[in-house]
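Please look over the structure shown below together with its sequence. The briefing that follows takes up selected strands, loop residues and helix contacts in turn.

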Amino acid sequence: MENMTFEQALKALEDVVAKLEQGQLSLEESVRMYQKGIELAKRCSEELKAAEKIVVKLMNQGKEEDFETNKEE
Amino acid sequence: MERKPITVSALNRYLKYTFDHDKNLQSILLKAEISNFKRHSRGHLYMTLKDDASQISAVMFQSQANTLLFDPKEGSKVLVEGYVSIYETSGTYQVYIQKMTEDGIGDLFLQFEQLKKKLSEEGLFSEERKRKLPRFPKTIGVITSPTGAAVKDVIRVISSRYPLAKILVYPALVQGADAKDSIKKQIEQANRDQQCDVLIVGRGGGSIEDLWPFNEEVVARAIYSSKIPVISAVGHEVDFTIADFVADVRAATPSQAGELAVVDQKDLLRGVNLAITRMQAALLKELNMKRTLLERIQSAVVLSKPTRMLESKEVSLDRLLDKLTLLNPIKQIASEAQRLQTLQNKLGVAISHQLESVTQRFLRCADKLDMASPLNIMKKGYSLVKKDEEVITSVNKLHQGDTINVSFCDGSAVALVQQLRKDES
């Protein structure tokens, strides 16, 4: 789960919800699924919360340079 | 001399009269640029006509506006025919437009239409070619002026919506003669760099000349050739450029391009929270179902009153035993044995009857035999004559001189035939 991208984690979470809602699992599997889902949900929201500031770079001849967003025209 | 005041209405009526009777004001031909353009819901057009130094309000009523051959907008350079009059209620004067044409850009407009037709026929605008944007782009390329308002709008919107993304700004000229090649070069560069999942190509609002690079064929073809999906974001809502038609997605403004490029993290968090709620509901439902099932099982007779189960088993065991008793073969054997006995008895009786009658018959025969015995007869005086062991029953079988054997009941004698006498008959 650590190596998942945000997108993969979110997709996995959607799958877990769908499986749980189908309700065709044993109770043990359901509980395990639920725990997995909670971990995925935690992982998704933490990643969103962690990314507070967006990275902006200026591409100059294929090289990245810092981009000053507050520069006035 | 005392001055007599007049009413405001009277003044405005007087001014209107004056304006309306001025030949110069009643038929004007004006060269101007449109700003503050508003299209009223009832179809009337309100705008300010201006040049570098001055401006005047103008209105074009719906009946005349319907005859327009172009789509007037902010910054349009126009030639206006009409008159000037006063609107009495507000005391404002304005140009009442009767005819309006585009000034000077007739050629550009023609170019635009021709290129649009050509590229459309080539299939550059076809809906099948439009690619879906990635839902969660990791890197977003923005091809625009690094100092313009557009790049700021895009960065502001994306960073507030989805800070997980990274933005790469590909600086490009977005107006002037060199702009088209600059934009094309950066689209190609971004494709070579292969860093971006989606590209935003555009600029903020401006005059039609300012936006013109986005109507150039080289830009259209660069967008078409891009392996990375492209969002166009040129000018304001009303501005449509060739780039908009070619792009995979058209954003009305750079800000909207940011909204189209990424999902809002608020929605994502809401989605994650909804997922948690749904999982909890599903698990709870599952638990309740299992609990109900457990309760039903627990309340089942066999578990709540285990002896009752045995009782019922006892009953059925009894029933089975009854059935078994009914089916017991001993009885049948007994009845069969009885039958056998009866048959045996009958047989015995029959045999003894038979024996008896046979014995009787035998005895009767023996008596008869006894009575018929030659010994008996010989006792009465008869003898048996044999010659050469042959019993002689006729005199004709004897000759004079034959030796015969005469048997009696108690012995025999050998005799010589001396004389034969045959009976006369």
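In what order do the four strands of the open sheet in chain B stand, and with what pairing? The order is β12-β11-β13-β14 in chain B, and the pairing is antiparallel; two strands pair if DSSP finds at least two bridges between them, while helices (H or I, at least four residues) and strands (E, at least two) are DSSP runs numbered from the N terminus. This is a predicted model, in which local features need pLDDT of at least 70, side-chain atom pairs count only at pLDDT 80 or more, and totals for chains, interfaces and linings use all residues. Residues are numbered from 1 along each chain as its sequence is written, chains are lettered from A and ligands numbered from 1 in the order in which they are written, and side-chain values use heavy atoms, with hydrogens and water left out.

**The four-stranded sheet of chain B**

- Strands β12 (390-391) and β14 (412-416) of chain B stand at the edges, each with a single partner strand, so one side of each is left without a neighbour in the sheet.
- Strand β11 (residues 384-387) of chain B is joined by three bridges to the antiparallel strand β13 (residues 403-407) of chain B, and B:Lys386 is placed opposite B:Asn405 in β13(B).

**The loop between β11 and β12 of chain B**

- B:Asp388 lies in this loop and, although not a glycine, has a positive phi near 50°; B:Asp388 is exposed, with a relative accessible area of 69%.
- B:Glu389 is in the loop between β11 and β12 of chain B as well, and this residue, again not a glycine, has a positive phi of about 70°.
- B:Glu389 is exposed, at a relative accessible area of 68%, where buried means under 20% relative accessible area, exposed over 50%, and partly exposed in between (1.4 Å probe, protein chains only).
- Most residues other than glycine have a negative phi.

**Strands β1, β4 and β5 of chain B**

- Strand β1 (residues 28-39) and strand β4 (residues 77-87) of chain B pair in the antiparallel sense over six bridges, with B:Glu33 opposite B:Lys77 in β4(B).
- β4(B) is also joined, by ten bridges, to the antiparallel strand β5 (residues 92-102) of chain B, and here B:Val80 stands opposite B:Met100 in β5(B).
- The hairpin formed by β4(B) and β5(B) has four residues between the strands, and B:Gly91 in the turn has a positive phi of about 70°.

**A buried loop residue**

- B:Thr241, in the loop between β9 (230-234) and α9 (242-246) of chain B, is buried, with a relative accessible area of 2%.
- Not counting residues up to four places away in sequence, B:Thr241 touches B:Phe112, B:Leu211, B:Phe214, B:Asn215 and B:Val234, contact meaning heavy atoms within 4.5 Å.

**Helix packing around α1 of chain A**

- Helix α1 (residues 6-22) of chain A packs against helix α11 (residues 265-298) of chain B at an angle of about 25°, with their axes 9 Å apart; axes are lines fitted to C-alpha atoms, for helices over the stretch in contact, and angles run from 0 to 180 degrees between N-to-C directions.
- α1(A) and α11(B) are therefore roughly parallel to each other, given that angles under 35 degrees count as roughly parallel, over 145 as roughly antiparallel, 65 to 115 as roughly perpendicular and the rest as oblique.
- The axes of α1(A) and helix α2 (residues 27-50) of chain A come within 9 Å and cross at roughly 150°, and these two helices are therefore roughly antiparallel to each other.
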